[in-house]
Amino acid sequence: MIPRIYIPGDSGALALGAEKVAKAIASELAERGIEAKIVRNGSRGAYFLEPMVEVATANGRVAYGPVKPSDVKSLFDGGFLTGGHHKRWLGAPDKIPFLAKQTRLTFARCGVTDPLSLESYKKHGGLNGLTNALGLTPAAIVAQVTESGLRGRGGAGFPTGIKWKTVLDTSGDRKYIVCNADEGDSGTFADRMIMEGDPFVLIEGMTIAGIATGATKGFVYVRSEYPHAVAVMNKAVEIARKAGVLGASVLGSAYAFDMEIRVGAGAYVCGEETALLDSLEGKRGMVRAKPPLPAHKGLFGKPTVINNVISLASVPVIMDKGATFYKDFGMGRSRGTIPIQIAGNVKYAGLFEAAFGMTLGEIVDEIGGGTATGRPVKAVQVGGPLGAYFPRALFDTPFDYEAFAAKDGLIGHAGIVVFDDTADMLKQARFAMEFCAIESCGKCTPCRIGSTRGVETIDRIAAGIEPEKNLALVTDLCNTMKFGSLCALGGFTPYPVMSSITHFPDDFKPAPVRVAAE
Ligand SMILES: Cc1cc2nc3c(=O)[nH]c(=O)nc-3n(C[C@H](O)[C@H](O)[C@H](O)COP(=O)(O)O)c2cc1C
Ligand code: SF4
């Protein structure tokens, strides 16, 4: 049997040197006259071990990492093609604690299969969900998705089945499925990992969404900063079309569905669903007032499902294993699994898919291993730039939509960014207002003007100018933004600002006092 070597082509792994490692392995193979197949897989998400190289042995896969080009000669000398020992030896990948503790449903194939092999996809359960869906009526598919409890993973946590039902029940000569792959939240990379590591699962999920709602065309709106994901998705769509997964007759059925990949131009607000639609239509991305909902009047005025990558990529496993199977994971109204993206100043950064319900403390301290600097954790921002900063005192909060909302926070796209005790929370609050000012689409006053006034007011607090009066002004301003903004960019910026003020009041003391306290 020809040895098989897996070297991630995932852009996170590439950023850590995977391409150089791949070249070193290829030239070592040539020099030694060894015939081997190199598979450029996705990442399993343990980024602290990337580039993680795996070999398929008679006893299963064996991983090595993080591999440097300078390790390659000694890896061959140590017999790594048959799983030989080496200082980078990690053993069976699914026994690596960070991976072994996960519940991989949506990411089951990511890092395991060849992303562009439909055969490999099918061998690992791919297309089972679509095949099952084709045997059901659209209403029955929607009922399954509703029953599974799946909620939108893009940020708002809206029930996916209810959104689909609205589109199914709305008549239109054309309907669309739009996949939101703008992934603008800080510290998030789940959408990118799936698109690069298991693109067919997104294609399958979108196709099921099309069949369920009567849409025949889909668009994936990908941020321009993801060139690798764009390339992989384009190739995967072509392969799926040739194989009859997409096209006039999906898997030989009476249903038609096709899709295209579109690239954004780098505005955070274009991740907001209505601004995204404007951008997709070729206009400047501006938020639309609702109603009408996109489900009634979306892309080009037609009924449209807009879902995040992870929402759509979670549908195939639901349709394969059943709504009850999926629903059995999780807690409360947060059902199934969620890919938590652990980033920032953290020892073990990466993607951790788990059922809802782990506490924030377990995620940061046990899974993430605390800070990379070894200093105490001061704050964790959950849910992107619009998410609240959680202090250690709130580490018992379970990862659950309602539990986070009850603590004035949000899960968002499940990105968590860890900060150590050197973080200045006044600067973080200022950054939130500044980010909002830069990214505001300008449509409504509380966001457009309020964010700039917010930066100025926080600067006055930092300078020790009437701190109490200005803190009260920031609080008042946050209330205006929260209740008066048209979308969540202006409406949620108060979360990082107010959580910083509430949980870290010492950081907002006038400058001389702050310096004296340090
Ligand atoms: C400013 C702003 C940025 C957003 N960015 C994203 C994004 O990058 N990706 C995403 O899926 N949803 C984003 N959302 C949420 C979308 O508006 C929308 O709720 C989501 O695409 C719906 O899909 P879901 O129900 O599957 O989560 C953003 C919302 C706002 C207000
Ligand atoms: S809150 Fe900001 S981004 Fe949203 S519509 Fe208003 S101005 Fe635009």
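**Close-up 1. Elements that line the largest pocket.** α8 (160-169), β9 and α21 each supply at least two residues of the lining of the largest pocket. β9 gives the most, with four residues. Helices (H or I, at least four residues) and strands (E, at least two) are DSSP runs, numbered from the N terminus. This is a predicted model, in which local features need pLDDT of at least 70 and side-chain atom pairs count only at pLDDT 80 or more, while totals for chains, interfaces and linings use all residues. Residues are numbered from 1 along each chain as its sequence is written, chains are lettered from A and ligands numbered from 1 in the order in which they are written, and side-chain values use heavy atoms, with hydrogens and water left out.

**Close-up 2. Space and lining of the largest pocket.** About 1,100 Å³ of space lies in this pocket. Its lining counts 42 residues, and Gly155, Ala156, Gly271, Glu272 and Glu273 are the closest to its centre. By class, the lining has 18 nonpolar, 15 polar and nine charged residues. A pocket is an open set of points on a 1 Å grid over the protein atoms alone, with protein on both sides within 12 Å along at least five of seven lines; a cavity is a set where a 1.4 Å probe fits but cannot get out; lining residues have an atom within 4 Å of a point. A volume is the space filled by probe spheres set on the points, which are joined across faces, edges and corners. Ala, Val, Leu, Ile, Met, Phe, Trp, Tyr, Cys and Pro count as nonpolar, Asp, Glu, Lys and Arg as charged, and the others, Gly among them, as polar.

**Close-up 3. Ligand 1 and its shell.** Ligand 1 takes the space of the largest pocket. A molecule sits in a pocket or cavity if more than half of its atoms lie within 2 Å of its grid points. The shell holds 19 residues, with Gly154, Lys163, Asn307, Asn308 and Ser311 the closest. A shell residue has a heavy atom within 4 Å of the molecule. Four shell residues are nonpolar, nine polar and six charged.

**Close-up 4. Backbone contacts to ligand 1.** A backbone N or O atom of Gly154 lies 2.7 Å from an oxygen atom of ligand 1. For a polar backbone atom of Asn308, the distance to a ligand oxygen is 2.8 Å. For Arg153, it is 3.4 Å. The protein covers 92% of the 610 Å² of accessible area that ligand 1 has on its own. Polar contacts here are pairs of N or O atoms within 3.5 Å. Accessible areas come from the Shrake-Rupley method with a 1.4 Å probe.

**Close-up 5. Ligand 2 in the largest cavity.** The space taken by ligand 2 is the largest cavity, with a volume of about 70 Å³. Of the 13 residues around ligand 2, Cys441, Lys443, Cys444, Cys447 and Cys487 come nearest. The shell has eight nonpolar, four polar and one charged residues. Residues that line the cavity include Val269, Val287 and Leu486.

**Close-up 6. Two cis peptide bonds in one loop.** A cis bond joins Lys290 and Pro291, with omega about 0 degrees. The bond from Pro291 to Pro292 is also cis, with omega near 0 degrees. Pro291 lies in the loop between α12 (273-280) and β9. Pro292 is found in the loop between α12 and β9.

Methods. Polar contact = N/O pair within 3.5 Å; in protein donor to acceptor, adjacent residues only side chain to side chain.
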